[in-house]
Amino acid sequence: MRREWWILIGGVALIWLLFQLEAMLMPFIAGMILAYLTDPLANRLQRMGLSRTLAVSGVFLILILVLGVALLVLIPLVVQQVRQLGQLIPGIFEWVETSLAPQIRAWTGVDMAADLEDLQEALGQHWQDAGGYLAQFLGQIGRSGAALLTWVTYVALIPVVTFYLLLDWNRLLTNVRNLLPRHWEPAAVRLSQRCDEVLSAFLRGQLLVMLTLGAIYAVGLTTMGLRFGLLIGMMAGLASIVPFLGFIVGISVALIVAFFQYDTWLALLGVVIVFSIGQVLESVLLQPKLLGDRIGLHPVAVIFAVLAGGTLFGFTGVLLALPAAAVIMVLLRELKDRYVSSSLYDAEQHDSRDEDTA
């Protein structure tokens, strides 16, 4: 049997194994991604004179501090603002029903009253039931000893896997490189470096851009006294994973909240100024410094990868989506480069090169 067939059979077997082990892969995939994201920081601490163990311990200390601040400060504030937003929704529907709907009916002849009542009833019911559903879900997990034990074990495994992978990250990469067939090594190293450029630009760079934009929006909106400023800022920062989506979603929601809270054009102007400052800083400072001219993933590819990964493998697929999309994109570009330089694409140019060589 030819070597190519063995490679194909091995790839199919690997995919089948991933499907079979999908339920238990989550902590290992999450740990691998965290180790990849934090490896540059550990390397930097190591270059400062620390041993690898102390450098990894320093990285974990930073992660624990960040997680502690999020659990103690940010999450309670976000939950509080979500509850306040739920209390504000009836007032928004009342304004639409008494002010906006009559204007639309006068301009277009369309009566929105029935649709608004159905929408308000459905939204209010689901908003109120959300806490009940969460409590029911947590109660079901608590009643099932096996499910609770499995869930706690998976979550507890993530920092353990991350620590040991990060501790031996460089050695693991060296071992994998040494196992490659010698005639494959140059091409494999070159492709892996291109994949690292894509993942580094998107996972590390875009993550920092998202966090920075979320902080800018949240601080700006909270400073001007806008209600739900922290919630809107974080939502806009997270949505910035797709270019301009965070700006569009954030400024739309902030303008609506500012209109109902202040009922003045100055407040709307303040919202526009906050998001304009964020966009200017992103274009002038954040993108050049954090992303530079490295290759990034297309926004459509990001959306498709996340949805496809979640459909195929659930939460584990979502974790694998972006790394897999980056690798696939690099391989497709490599195939494109080889196709453009082949005789199939331009036979005349290829023949002329052969004549010049002869």
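Q: What is the accessible surface of the protein, and how much of it belongs to carbon and sulfur atoms?
A: In this predicted model, the accessible surface comes to about 23100 Å². Carbon and sulfur atoms account for 70% of that area.

Q: How many helices and strands are there in the protein?
A: The protein has 13 helices and zero strands. Read along the sequence, its pattern is accordingly written α-α-α-α-α-α-α-α-α-α-α-α-α.

Q: What share of the residues in the protein is buried?
A: Of the 358 residues, 28% are buried. The term applies to residues with under 20% relative accessible area.

Q: Among contacts between residues at least 6 apart in sequence, what share joins residues at least 24 apart?
A: The share is 70%. A contact is counted where heavy atoms lie within 4.5 Å.

Q: What makes helix H8 (residues 229–239) largely enclosed by the rest of the structure?
A: Eight of the 11 residues of H8 are buried, so the helix is largely enclosed by the rest of the structure. The buried residues are Gly229, Leu230, Leu231, Ile232, Gly233, Ala236, Gly237 and Ala239.

Q: Which residues have the most contacts inside the largest nonpolar core?
A: They are Leu166 and Leu203, in a core of 23 residues. Helices H2 (22–47), H3, H5 (145–167), H7 (185–223) and H12 (315–340) each give two or more residues to this core. H7 gives the most, with six residues. Leaving aside neighbours within four places in sequence, leucine 203 is in contact with Tyr36, Leu37 and Leu322.

Q: What residues does the second, separate core include?
A: This core has 22 residues, among them Val78, Leu231, Ala258 and Phe275. A nonpolar core is a set of buried nonpolar residues joined through side-chain atoms within 4.5 Å.

Q: Which residues make the nonpolar surface patch of about 790 Å²?
A: The patch is made by Leu67, Val69, Leu71, Leu72, Val73, Leu74, Ile75, Leu77 and Val79. A patch residue must have over 30% relative accessible area. One of these residues, valine 73, is found in helix H3 (residues 52–108).

Q: Why does valine 73 count as partly exposed?
A: Its relative accessibility is 42%. Buried requires under 20% and exposed requires over 50%, with partly exposed in between. Valine 73 therefore counts as partly exposed.

Q: Why does isoleucine 273 count as partly exposed?
A: Isoleucine 273 lies in helix H10 (residues 265–291). Its relative accessibility is 44%, and it therefore counts as partly exposed. The C-alpha atoms of isoleucine 273 and leucine 221 are separated by 9.9 Å, although the two residues are 52 residues apart along the chain.

Q: Which residues does UniProt list for "transmembrane region"?
A: The unreviewed UniProt entry lists residues 7–34, 54–79, 146–167, 207–226, 238–260, 266–287 and 299–332. In the model, residues 238–260 are 78% helix and 0% strand, with end C-alpha atoms 24 Å apart. Residues 266–287 are 100% helix and 0% strand, with end C-alpha atoms 30 Å apart.

Q: How many salt bridges does the structure hold?
A: The structure holds six salt bridges.

Q: What makes the pairing of arginine 171 with aspartate 168 a salt bridge?
A: The closest N and O atoms of the pair are 3.3 Å apart. A side-chain nitrogen of Arg within 4 Å of a carboxyl oxygen of Asp meets the criterion, and therefore the pair is called a salt bridge. Arginine 171 counts as partly exposed because its relative accessibility is 48%. Aspartate 168, at 24%, likewise counts as partly exposed.

Q: What distance separates N and O in the salt bridge of glutamate 334 and arginine 194?
A: The distance is 3.2 Å. This pair links distant parts of the chain, with glutamate 334 in helix H12 and arginine 194 in helix H7, 140 residues apart.

Q: Is glutamate 334 counted as buried or exposed, and why?
A: Its relative accessibility is 9%. The limit for buried is under 20%, so glutamate 334 counts as buried.

Q: How far apart are the closest N and O atoms of arginine 194 and aspartate 337?
A: They are 3.9 Å apart, and the pair forms a salt bridge. The pair also links distant parts of the chain: arginine 194 is in helix H7 and aspartate 337 in helix H12, 143 residues apart. At 42% relative accessibility, aspartate 337 counts as partly exposed.

Q: Which residues are linked in a network of salt bridges?
A: The network links Arg190, Arg194, Glu334 and Asp337.

Definitions and conventions
Residues numbered from 1 in each chain as written. Predicted model: local features only at pLDDT ≥ 70, side-chain atom pairs only at ≥ 80, totals over all residues. Heavy atoms only, no water. Patch = residues over 30% accessible without salt bridge, like charges linked within 9 Å, V, L, I, M, F, W, Y side chains within 5 Å. Areas by Shrake-Rupley, 256 points an atom, 1.4 Å probe, with all protein chains shown as cover. Helix = DSSP H or I, 4+ residues; strand = E, 2+ residues; numbered from the N terminus. Buried < 20%, exposed > 50% of the residue type's maximum accessible area, 1.4 Å probe, protein only. UniProt positions renumbered as here; feature names shortened; annotations may be inferred.
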